[in-house]
Amino acid sequence: MESENTFDIFLVAPPGLESVIAAEARERGFSGVTQQAGGVTVRGDWPEVWRANLQLRTPVRVLARFASFRAMHLAQLDKRSRKIDWAALLPQGVSVKVEATCRKSKIYHDRAAADRVKTALKDSVSAVIDPEAELVIKLRIEDDLCTFSIDTSGESLHKRGHKERVNKAPMRENLAAAFLRQMGYDGSQAVLDPMCGSGTFVIEAAEMAMGLYPGRTRSFAFQTLRNFDAAAFDAVKAGVQPQKVAAQFYGSDRDTGAIHMSTVNAEKAGVATLTEFRHAAVSDLQRPDCAPGIVIVNPPYGGRIGNKKQLFALYGALGKTLLERFKGWRVGIITTDGGLAKATGLPFLPTTPPVPHGGMRITLHQTDPLS
């Protein structure tokens, strides 16, 4: 039975990956998992908020919906905002940012609505309103229902906290985890990335296999809240025992700088003993001495890096190498351009919807085991 301390916790999703986040939340034992455009709602209390930030690999951020009421006009919003027990949640003098959105409501002016909440915060906890503050209070007014959320993550959750170096067009860690999940990765298969860049796919796969929490080395906005219990949170963090895993996570790249970067990042993440990074061009790629697994690669798209014509040759070489040397392996290629994917000559399955990433829309193209 649900306790009176539970509320909606909203897991913000990269558009198109809501079902992946919902599946991960269910696997992690969150209750009341419901999927909608833009994210997934679960039910829980504050320790569940902490756990979502710490354990989930695929969301962008975690919003705690801590209060709601109906308001038909600004005076009502003003009065009811002041009745929220801000002092139980926020420390005195806290720096906070306030954002408001209004849809299909009698209160239609976003800025005026935000101003009422700012005043309530100043009067109740002497809050300092700062557009750069890490703590963000969000007010959503829809059909006259005012819902208050606090962004409990702070920095986007793709920032794991233990990666020091990235290349010039990095795949975000939460997207890498989501694409691995879409390929059916469950921690038991070998994973290889032949254009590994800063090592994101290889490191995420190794961490997932070991059962490591993605947020284990970073801080979160919720740690500044009045209701945060550091000892209880430390107990949640300590509750995981890393699994013993065979070393079967491979990365290669023709750029020696990328190999050095990946090696350093794997050490920082604590997965160096499971990973192997080699300097190699795509045409020199060799099949590892292990059972067939997953090849996943995020090649250049031509949007930010390089010349498109050269890319067709690169994709063609990649496809040829994989078809010749990787029988039994499943392949996933992430790209903005279906024509480039086609240039590999690989037998792709129907694609899932594209996902926004860095101002572009990227699509996972995947195969069955190569024959």
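**Notebook: a walk through a predicted model**

I began with helix 7 (residues 200-210), which lies across strand 9 (191-193), strand 10, strand 11, strand 12 and strand 13, and runs at about 175 degrees to strand 10. My helices (H or I, at least four residues) and strands (E, at least two) are DSSP runs, numbered from the N terminus. For the angles, axes are lines fitted to C-alpha atoms, for helices over the stretch in contact, and the values run from 0 to 180 degrees between N-to-C directions. Contact, here and below, means heavy atoms within 4.5 Å.

A note on what I am looking at: this is a predicted model, where local features need pLDDT of at least 70 and side-chain atom pairs count only at pLDDT 80 or more, while totals for chains, interfaces and linings use all residues. Residues are numbered from 1 along each chain as its sequence is written, and side-chain values use heavy atoms, with hydrogens and water left out.

**Entry 1: a residue in helix 7**

I picked Ile-203, which has its place in helix 7. Is Ile-203 buried or exposed? Ile-203 is buried, because its relative accessible area is 6%; buried means under 20%, exposed over 50%, and partly exposed in between (1.4 Å probe, protein chains only). I then listed its contacts, leaving aside neighbours within four places in sequence: Ser-198, Ser-262, Asn-265, Ala-266, Ala-269, Val-271 and Phe-277. I also checked Ser-262, which is 59 residues from Ile-203 in sequence and 8.3 Å away in space, C-alpha to C-alpha.

Next I traced an open sheet of seven strands, with the order 11-10-9-12-13-15-14 and mixed pairing. Two strands pair if DSSP finds at least two bridges between them. Which strands stand at the edges? They are strand 11 (275-279) and strand 14 (355-357); each has a single partner strand, so one side of each is left without a neighbour in the sheet. On average, neighbouring strands of this sheet are turned by 20 degrees against each other, direction ignored.

I followed some pairings by hand. Strand 10 (residues 249-253) pairs with strand 11 in the parallel sense over five bridges, and Ser-252 has Arg-278 in strand 11 as its bridge partner.

**Entry 2: strand 13 and its neighbours**

Why is strand 13 (residues 330-335) largely enclosed by the rest of the structure? Five of its six residues are buried, so that is how I describe it. Strand 12 (residues 294-297) runs parallel to strand 13 and is joined to it by four bridges; Ile-294 stands opposite Arg-330 in strand 13. Strand 15 (residues 360-366) runs antiparallel to strand 13, also with four bridges. There, Thr-335 has Thr-363 in strand 15 as its bridge partner. Helix 10 (residues 308-325) lies across strand 12 and strand 13, at about 170 degrees to strand 13.

I stopped at His-365, which sits in strand 15. His-365 counts as buried, because its relative accessibility is 10%. Not counting residues up to four places away in sequence, His-365 touches several residues, including Val-331, Gly-332, Ile-333, Thr-335 and Phe-348.

**Entry 3: rings**

A pair of aromatic rings is described by the distance of the centres and the angle of the planes. Rings of Phe, Tyr and Trp (its six-membered ring) pair if their centres lie within 6.5 Å; planes under 30 degrees apart count as stacked, over 60 as edge-to-face and the rest as tilted. How many aromatic pairs are there? The count comes to 14.

One of them is the tilted pair of Phe-69 and Phe-148, 5.5 Å centre to centre with 45 degrees between the planes. This pair links distant parts of the chain, 79 residues apart: Phe-69 is in strand 4 (residues 61-70) and Phe-148 in strand 8 (residues 145-151). Phe-69 is buried, at 13% relative accessible area, and Phe-148 is buried at 0%.

Phe-222 and Phe-228 also form a tilted pair, 5.6 Å centre to centre with 55 degrees between the planes.

The charged end of Arg-51 sits over the ring of Phe-30, 3.9 Å from its centre.

**Entry 4: cysteines**

I finished with disulfides, meaning pairs of cysteine sulfur atoms within 2.5 Å. The count is zero. For Cys-102, the closest cysteine sulfur is in Cys-146, 8.0 Å away, so it is too far for a bond. Cys-102 is buried, at 15% relative accessibility. For Cys-290, the closest cysteine sulfur is in Cys-196, 16 Å away, again too far for a bond.

Note on methods. A charge sits over a ring if NZ of Lys or CZ of Arg is within 6 Å of the ring centre and within 35 degrees of the ring normal.
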